Structures are given as structure tokens and as C-alpha cells.
Amino acid sequence: MERRTPANQSEPFDDVNLFVADQALQAAVIREGAAFAVSALEAFGAEAGSAEMQRHARRANTHPPSLETHDPRGERVDRIVVDESYHALMRTSMAVGLHARSFSHLAGSETVATGTNVARAAGVILASQMEPGHVAPLSMTNASIAALLNDAGMAQTMVPKILEPHYDPRLRHMSEKASLTVSLALSERHGVSDLASARTRAERIGDESEGNADGYRLNGEKWFLSAPMSDAFLVLAEAPGGLSCFMMPRVLPDGEMNGIQFNRLKPTLGHHALAVVDAVFDDAQAWPVGEAGAARTTLADTLALMRLDGALVTLGLMRRAVSEAIHHARQRRIGGAPLVGQPLAAQVLADMALHTEAATALTLRLARAFDQPDDEQERAWARLMTPVTAYWVCKSAPHLIAEAMECLGGNGFAEDFPLATLYREAPAHALWQGGGNILALDVMQVLQRDP
């Protein structure tokens, strides 16, 4: 039978350099002080938009993680099994440093991280267009460094390995790993926004006079724990000195598994490539990070970086949706003419493109503020505009992506096309980074503290 070309169907949006195709992103990178990163971003944009990486993205989402709670002998193992495509995505993004780029100056002689957050921000936008779920462990690992720097000994041991641009998925103690990933374990069943009511408890092991080398035992649960296959977790727990932050390794120094049990994989709307569990700590061993009772201070910069990334990932979803819609409209013909030339279609596409370009300008301007920690004006900008940016970008994404789906018609609603995945992902960061009311309260608190 003669093979026929599908009638009036657009070709897949594959083998596209996602950075070169995004003039607004290129301009923002240069304008905000990261011109040095343009060639590297061009190379990563080509890889992220390649047909090969798109195949990995589709496979990682259609072959989601699974949970093995016990081995064949009935021993508890709590092992997360992910598809090889997930590993390929992680290798690709870690190779360009998205898991630690905000702190790359710590690996050399630089004293100021000029432009590095802007360069990383552009990379996160590209990686999110490649596949958004795998960006979560990269984001948490990068942000965790800010908290770990509160403990000189822990920073000396862990940060150099976190900075390594290699992906090492082996389940080993941190001393045996080539690189490390770190997750955040903050949310409890009653909600993460009410930190003061944390029910996870920390009890000191041994006598305080002995230097507390054995750390603390933690008992409790965490309701949403993303990337549970990470090498370590930053955990909130109520300690004798008040709400504190702890570093909890997945594997203990003696090679035994820590007292961390995974009850189940969360059946979330999106993030199908990412494992999310609810976890129980049963005498899990952990070590304090920062001062006792100062969890909010210890985690302040970490949470700010997470919110920045929430906006960046969501922007990546919007940019990919607009690109898919324009790509389709250029090839789809209506009445013998391309859809992109129809006045109403052109207006819809232009509105979406303008909105996405505005979000690009705003988020990379915010990233520049993170690059200037010694400038009081920039610190004030970051304090105020981080929740504002996260609110505006994350709130607008579901509507914009739905509009892009409509541009493709029925194809936009089909799982064969990426718009359905983008639409499922869109609400996630409006939830993970704090609901709209939480972000609004943050803005009010910033203005009350420093009018």
C-alpha cells in the first residue's frame, strides 16, 4: 500500500534549538549580565530541543517511577525505580550545572557570582521545555546549598560533591558518591505553610557534652516528599531548641539504610516523570543545619531560590506551549491559507507571545537581583519581587496553556502531543511555591518590615 502524507497535519516540534528560537530569552540573558553564557546556552538549547531528548521526555512521562517497599525476602528496602529516560534527562541537565549553578563560584576563586543566576535561569527555562518533572530535584539541590552553607563542616563535606556536574544515581553513602542530590522534606499532612505546627520531632542521640557526633533521631511524617531517591534531605523538625533544620542522609555512614519509609507514591495530576511520596521517619538519624530554633532563617535563601525556580519552570511550560501553537499555526491551512495568517488566530498567538515575553523579562530581571547579594537595592528587589513574580507567572500559566491547546484543536487535547502534559504540569508550582494567598501575605509582610 502506498504511504500517504497526513493531510493538513503539522510536523512534530522536534530538533529545534530552543534558545536560538527564543529571541526574547536571548535578549534578556544579555541585558541582565550573562552574555558570557550565550554559546553554552545555544549548545544546551539544541540538545534540549532535539528529537532524542523529546523521546526521553515522552518515555519518562509514560513510564513513571515505581515503588518497591520490600525485597523478595521480605526486607524493607523502600526503593524508587525510574526509567532509563529519566536518568538521561538528569544526566543532560546536571552536565550543564543546573543543579548547582547558583553557587558555581564556590568551586573557584570568584567572590561574586556575577551573571550565574541569570545564566542558570535561562537553562532552567530550556530544561523545563525539554521535560519539567526532572527539574524539581535539580532545583531543590541547587537551593539546598544556601542552607548547607550555614554549617561550615557540612558545607565542606557536601557542597564540593553537590557542585560536581555528574549524575550518580547509585544508592550509596555520600562518601562513596561522585555527586550528590538533595531534596526538601518540609510539608506535613496539616500543610507546609504552618511551619510552627510541625509534628516531626527531633531527639538528641547521646550526651550533649560529647559533641553530639551521632546527631538526632527524627520521628514523624512528611506528606509530600519529592525526588525521594535523593542522597540527602533537608528536614524540618521540632527540636528541644525549637523548630530546626536537619540534614538527613538516605544511607548512613555504616552503609545501612536510614529510618525512612515510603508509604506510597502520590498519584499527582502532573509530574508523572517525578517520584513524589509520603514518607515516615522512624528513628531516622539526622544532623542539625544552622542554629537550633532558627529554621526560618536557615531556609530563607533556600525557599527564595525555590520560588524563583517555580516561576522559571512555569515560564518554560508557557514558552513551549506558545512555540507549539505558533509551529502548528504556520503549517495548518484553513481555506487554503496558513492559519497563522488569519486575523483572529494571529491576534491570539500575538497575545500569548507578548505575555510570555513579559514573563521572560520579569523572571530574568529577578534572577539578576539574586546575582547581586551585596547590593541593598537588589536585595530589596528580590525580597519583594520573588513572591510577586511567582504569583503572576504561576497563576497565568494554566489559562495560557489552555489557549495554546485550543490553537491546536483536538490535537492539543490528545496525549500524542505535548500540550496535555504541559497543561497538567501548569498548576503544580502555584501549589508547591505557596498558594496565591500565601504569596500575597509574603508581599504584605515584606512591605511591613521594610516600607
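# A walk through the fold

Let's start with L422, which sits in helix 12, a run covering residues 419-425. Please keep in mind as you read that this is a predicted model. We will visit the helices, then the paired strands, then the nonpolar core, and we will finish with an aromatic pair and the cysteines.

- Is L422 buried or exposed? L422 is buried, because its relative accessible area is 5% and buried means under 20%.
- Apart from neighbours within four places in sequence, the residues in contact with L422 are L317, R320, A321 and I401.
- L422 and L312 are 110 residues apart along the chain, and their C-alpha atoms are separated by 14 Å.

**T92 in helix 4**

- T92 belongs to helix 4, which spans residues 84-95.
- With 9% relative accessibility, T92 counts as buried.
- Setting aside residues up to four places away in sequence, T92 touches F44, E47, M53 and M130.

**H134 in a loop**

- Where does H134 lie? You can find H134 in the loop between helix 5 (116-130) and helix 6 (135-148).
- Although H134 lies in a loop, it is buried, with a relative accessible area of 0%.
- The H134 side chain reaches the backbone oxygen of E131 at a distance of 2.6 Å.

- Strand 1 covers residues 66-70, and four bridges join it to strand 2, which covers residues 76-81. These two strands run antiparallel.
- Within this pairing, H70 stands opposite R76 of strand 2.
- The hairpin has five residues between its strands, and in it G74 takes a positive phi near 90°.
- S66 is part of strand 1. Its relative accessible area is 34%, so S66 is partly exposed.
- S66 and R79 are 13 residues apart in sequence, while the distance between their C-alpha atoms is 8.4 Å.
- Beyond residues up to four places away in sequence, S66 touches R79, I80, V81 and L265.

**Strand 5 and its two partners**

- Which way do strand 4 and strand 5 run relative to each other? Strand 4 (residues 201-204) and strand 5 (residues 216-226) run antiparallel, and four bridges join them.
- As a landmark in this pairing, look for A202, which stands opposite L218 in strand 5.
- Strand 5 is also joined by eight bridges to strand 9 (residues 276-289), and these two run antiparallel as well.
- On this side, G220 stands opposite F281 in strand 9.

**The nonpolar core**

- How many residues does the largest nonpolar core have? It has 124 residues, and those with the most contacts inside it are V29, M158, L218, L234 and M247.
- Helix 8 (residues 295-331) supplies the largest share of this core, with 15 residues.
- M158 touches L148, M174, L180, V182, A232 and M247, once residues up to four places away in sequence are left out.
- M158 and M247 are both among the residues with the most contacts inside the core, and they touch each other.
- L218, another of those residues with the most contacts, is the strand 5 residue that A202 stands opposite.

**An aromatic pair**

- The structure holds one aromatic pair. Its rings belong to Y216 and F246, with centres 5.1 Å apart.
- Why is the pair called edge-to-face? The ring planes of Y216 and F246 stand at 65°, and planes over 60 degrees apart count as edge-to-face.
- Y216 lies in strand 5 and F246 in strand 7 (residues 242-249), so the pair ties together parts that are 30 residues apart in sequence.
- Both Y216 and F246 are buried.

**Cysteines**

- How many disulfides does the structure hold? The count is zero.
- C245 has 1% relative accessibility, so it counts as buried.
- C407 also counts as buried, because its relative accessibility is 18% and the limit is under 20%.

Terms used
Residues numbered from 1 in each chain as written. Predicted model: local features only at pLDDT ≥ 70, side-chain atom pairs only at ≥ 80, totals over all residues. Heavy atoms only, no water. Disulfide = S-S within 2.5 Å. Buried < 20%, exposed > 50% of the residue type's maximum accessible area, 1.4 Å probe, protein only. Contact = heavy atoms within 4.5 Å. Polar contact = N/O pair within 3.5 Å; in protein donor to acceptor, adjacent residues only side chain to side chain. Pairing = 2+ DSSP bridges. Core = buried A, V, L, I, M, F, W, Y, C linked by side-chain atoms within 4.5 Å. Phe/Tyr/Trp six-rings, centres within 6.5 Å; stacked < 30°, edge-to-face > 60°.
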